[in-house]
Amino acid sequence: MQKQSHSGSTTVKRLTMALIAVGVVGVVGAVGAIAVQHDSANAGAPPAVAAAPAATSAAPAVTMALPDFSQIAARNSPAVVNISVTGSTKVGLNMGEEQQGRGADQFGDDPFFEFFRRFQAPQGGNRGGRDIPTHGLGSGFIVSADGVIITNAHVVRDAREVTVKLADRREYRARVLGSDPKTDIAVLKIDAKNLPVVPLGESKDLKVGEWVLAIGSPYGFDSTVTAGVVSAKGRSLPDDSNVPFIQTDVAVNPGNSGGPLFNVRGEVVGVNSQIYSQTGGFQGLSFAIPIDVANRVKNQIVATGKASHAKLGVTVQEVNQGFADSFKLATPEGALVSNVEPGGPAEKAGLKSGDVIRALNGTKIVASADLPALVGVALPGDNAAMEVWRDGKTIALAVKLGNAADKVADVSVGNEAAVGGGRLGLALRALQPAERRDAGVNAGLVVEDANGAAAYAGVQPGDVLLSVNGKPVNSVEQVRAMVAQSAKSVALLIQRGADRIFIPVRLG
């Protein structure tokens, strides 16, 4: 799903473009990739390198080597395929209506679509919508010699027919073995034998600054090769996925999605997936799904036809400097738990709202997005060890991860008083029994009025204050005492409707 502001500014978008019209063939990019079997023919020595000119300054000479991209391209291009998808869409006289129900990643803000769509409206008045054929192109790569191919889930979404064209121009009708929208990985199968395959590497071994190369079909131009470096690892994008993306500056465009990203040894380390753009085309920021994630999903789909994902059962948010001060953390790192799913794995393990998860299975969590990325690569039923910051000290908790497909269980005093004066600016009162039942909480204080620091931070009248600095509150006096003990800021756990969130309030 493309995330786009209403102002039409910068967007993070999947590499797709659908120019849908009667008689008009569009280009749809694809993302997705997966593990591949490695045969001995492809497992040769690393590609030759060309030595750069020696340094001429007084400093010691440093020999620098660049990868021979031509060898990587020659060896692996035969296993990179073009994927053609045929479907249909309903078109009415109102061209705005024809886009309803379609992902923005399919239409985007492409200028060609604005041009072609003029020819899509039925003539003779608004007599209702009608179906017209759609056609899109993307990329993929062969991972086993008997015809297993990786691409992206959104490439084959709603497809009625999928055709794969090999580098030698042979074409095959493909079956979709399975699709996982959560990671945007899909697996195809064609009836062929002795096909070329790409070797798989391990994305965890990638280093920032390392050379990488992409092969795909941008705008339908088959077997296009582009190169760049790894810009960052473990990026979280606003696309409702738990994928720790690889960021690169490799030039990828609509049609590259689903194609492989190679390291200098010619091994697939990622699946080209999305771009960050103000124009719809490449602007120096591209993102790939790590092959470690894609391979796990591919193996599940081949075995069962679907993919399963683990869950911890918490809602987390970023730890900023205000939260670090409130919870007495030396650095603003970790995932702050704002809500714990009743009856979920985290609650069973003893995790509480206000805890800060600092590590999972020995892997440090710096940003809150690191946690779902780590949980996302685990399987339901896996055991995990957590390092948690609680009440100014580190504790260890063990959790058995649940299944993300499981439904969330249903969540089965005093007078109004001002708290904190000019430092906090809240007027609070205890919840009445009926209010507690409606809110689904056992205790807490309702915000009658908010001004000053609390209002500036976003606290609103009607909010329910559940805890201060991770400690549940039941009385105005308790809140007043905790604010008096805080030097710089406090972290308020607020429930608004069915949502819970920590709000940092820097004290005045």
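**Exercise 1.** Which residues form one aromatic cluster?

*Solution.* The model is predicted: local features need pLDDT of at least 70, side-chain atom pairs count only at pLDDT 80 or more, and totals for chains, interfaces and linings use all residues. Residues are numbered from 1 along each chain as its sequence is written, and side-chain values use heavy atoms, with hydrogens and water left out.

Step 1. Rings of Phe, Tyr and Trp (its six-membered ring) pair if their centres lie within 6.5 Å; planes under 30 degrees apart count as stacked, over 60 as edge-to-face and the rest as tilted.

Step 2. The structure holds 5 aromatic pairs. One of them joins Phe323 and Phe502: the ring centres are 6.2 Å apart and the planes stand at 80°, so this pair is edge-to-face.

Step 3. For Phe327 and Phe502, the centres are 5.9 Å apart and the planes are at 80°, so this pair is edge-to-face.

Step 4. The cluster is therefore formed by Phe323, Phe327 and Phe502.

**Exercise 2.** Determine whether Phe327 and Phe502 are buried or exposed.

*Solution.* Buried means under 20% relative accessible area, exposed over 50%, and partly exposed in between (1.4 Å probe, protein chains only). Phe327 has a relative accessible area of 8% and Phe502 one of 2%, so both are buried.
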